[in-house]
Amino acid sequence: MKKAIIYVFSGTGNTRLLAERFKAYLTDYDTTIHDIRMENRAYTPFPLPEGFDLIGFGHPVHGFNAPKVMDDFCKLLPGVESKKAFMFKCSGEGLHFNAYASQRIIRILEKKGYQFATDRHFVMPYNMIFRHTPEMVKSEYLYADALVRLNAAQLQSGYCENVHKSRLAAWFVPLIRIEWIYAQVQGPSMRVDMKKCVKCQKCVKSCPLGNIRFDGKRFRFGTNCALCVCCSFGCPTKAISIGLLNGWRVNGSYKIQQTAADPAVPFPAFGEDLRGLRRWLFYKYYRTADAELLQAGISVLNR
């Protein structure tokens with residue numbers, strides 16, 4: 001049986017969940033998922049790509065870009081000889097600029113011999129800015145699941161698309177890469193309210209970059225931060241302040257698959273009645289998804 005590997009960086013778990021769906025639908029492959037993590041500013045050991053027939057890369061979108069940790073990891077990967085690859089990423093809204101988030105790392109990897117067949121963007125619940133409703137979460141997951149199913153079928157059929165987006169159209173994306181610098185400043189500005197903290201150290205254990213330390217009395221946040229907000233999102237007592245961005249803080253698991261399976265939660269959430277900001281953020285993305293899935297004969301509800 002052919003083998004696939006998916007290298008995935010995920011903070012609050014959305015991208016990891018998509019990787020698991022790819023693993024489920026890539027039925028022609030024995031698929032391994034490797035979580036990109038760091039300890040003491042070094043990447044934890046990872047499987048080398050040489051022994052795999054298909055190589056996937058997944059990351060969240062931070063300010064219309066891939067996180068710096070993903071960029072650095074791709075630079076670290078060894079070169080290969082014409083290996084088939086695919087890219088996927090997720091964000092909390094369907095804006096077109098998100099489609100360009102992987103362009104830099106695709107160029108890095110192509111120079112190393114990775115040949116990309118597809119590059120896809122999926123909408124998943126926000127871990128910052130505002131909390132998505134259960135109705136939104138259900139729609140986002142069911143659509144993402146169906147679109148992953150479509151993408152996996154395409155990859156297994158030999159389908160290839162042009163993954164090179166117009167650099168002129170993407171002029172805005174590199175400007176927002178300043179977030180990479182801001183993340184290093186943001187890290188040390190995070191604070192823990194010790195009156196609320198129960199010292200479970202969930203934030204320390206879950207930080208994918210090993211950026212949080214607890215000395216028994218206080219928590220210390222280093223400069224190796226990706227702004228994934230895994231720490232504040234998962235804090236059981238909402239004790240963590242994320243500095244200047246604290247007004248955008250979202251806390252607590254969405255229980256995505258459980259919510260999607262709940263028949264009491266209405267579906268769909270992104271229909272023709274969308275208005276105002278939500279129409280701008282989601283309407284075009286979901287109508288495009290409807291057309292793609294209809295053409296492929298895939299039903300969102302038929303899982």
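Proline 263 sits in the loop that links helix 9 (256-260) to helix 10 (276-296); helices here are DSSP runs of H or I with at least four residues, strands are E runs of at least two, and both are numbered from the N terminus. This is a predicted model, where local features need pLDDT of at least 70 and side-chain atom pairs count only at pLDDT 80 or more, while totals for chains, interfaces and linings use all residues. Residues are numbered from 1 along each chain as its sequence is written, and side-chain values use heavy atoms, with hydrogens and water left out.

**Proline 263**
- With 76% relative accessibility, proline 263 counts as exposed (exposed is over 50% relative accessible area, buried is under 20%, partly exposed is in between, with a 1.4 Å probe and protein chains only).
- Lysine 138 is 125 residues away from proline 263 in sequence, yet their C-alpha atoms are 9.9 Å apart.

- Five strands form an open sheet in the order 2-1-5-6-7, with parallel pairing; two strands pair if DSSP finds at least two bridges between them.
- Strand 2 and strand 7 are at the edges with a single partner strand each, so one side of each has no neighbour in the sheet.
- On average, neighbouring strands are turned by 20 degrees against each other, direction ignored.
- Helix 4 packs on this sheet and touches strand 2, strand 6 and strand 7, its direction making about 165 degrees with that of strand 7. Contact means heavy atoms within 4.5 Å; axes are lines fitted to C-alpha atoms, for helices over the stretch in contact, and angles run from 0 to 180 degrees between N-to-C directions.
- Strand 1 and strand 5 (residues 54-60) pair in parallel over five bridges, and alanine 4 stands opposite leucine 54 in strand 5.
- Strand 6 and strand 7 also run parallel, joined by nine bridges; serine 91 has valine 123 of strand 7 as its bridge partner.
- Nine of the ten residues of strand 7 are buried, so the rest of the structure largely encloses this strand.

**Nonpolar cores**
- The largest nonpolar core has 52 residues, and Phe22 and Phe122 have the most contacts inside it (a core is a set of buried Ala, Val, Leu, Ile, Met, Phe, Trp, Tyr and Cys residues joined through side-chain atoms within 4.5 Å).
- Helix 4 gives this core its largest share, twelve residues.
- Apart from it lies another core of 46 residues, including Ile55, Phe57, Met87 and Phe219.

**Helix 2 and helix 3**
- The axes of helix 2 (residues 68-76) and helix 3 (residues 103-110) come within 9 Å and cross at roughly 5 degrees.
- That makes the two helices roughly parallel, a label for angles under 35 degrees.
- Met70, Asp71, Cys74 and Lys75 of helix 2 meet Arg104, Ile105, Ile108 and Leu109 of helix 3.
- Val69, Met70, Asp71, Phe73 and Cys74 are the buried residues of helix 2.

- Most residues other than glycine have a negative phi, and most peptide bonds are trans.
- Phenylalanine 267 and proline 268 are joined by a cis peptide bond, with omega about 0 degrees.
- Serine 82 has a positive phi near 55 degrees and is partly exposed, at 49% relative accessible area.
- Glutamine 201 has a positive phi of about 60 degrees and is partly exposed at 27%.

Key
Parallel < 35°, antiparallel > 145°, perpendicular 65-115°, else oblique.
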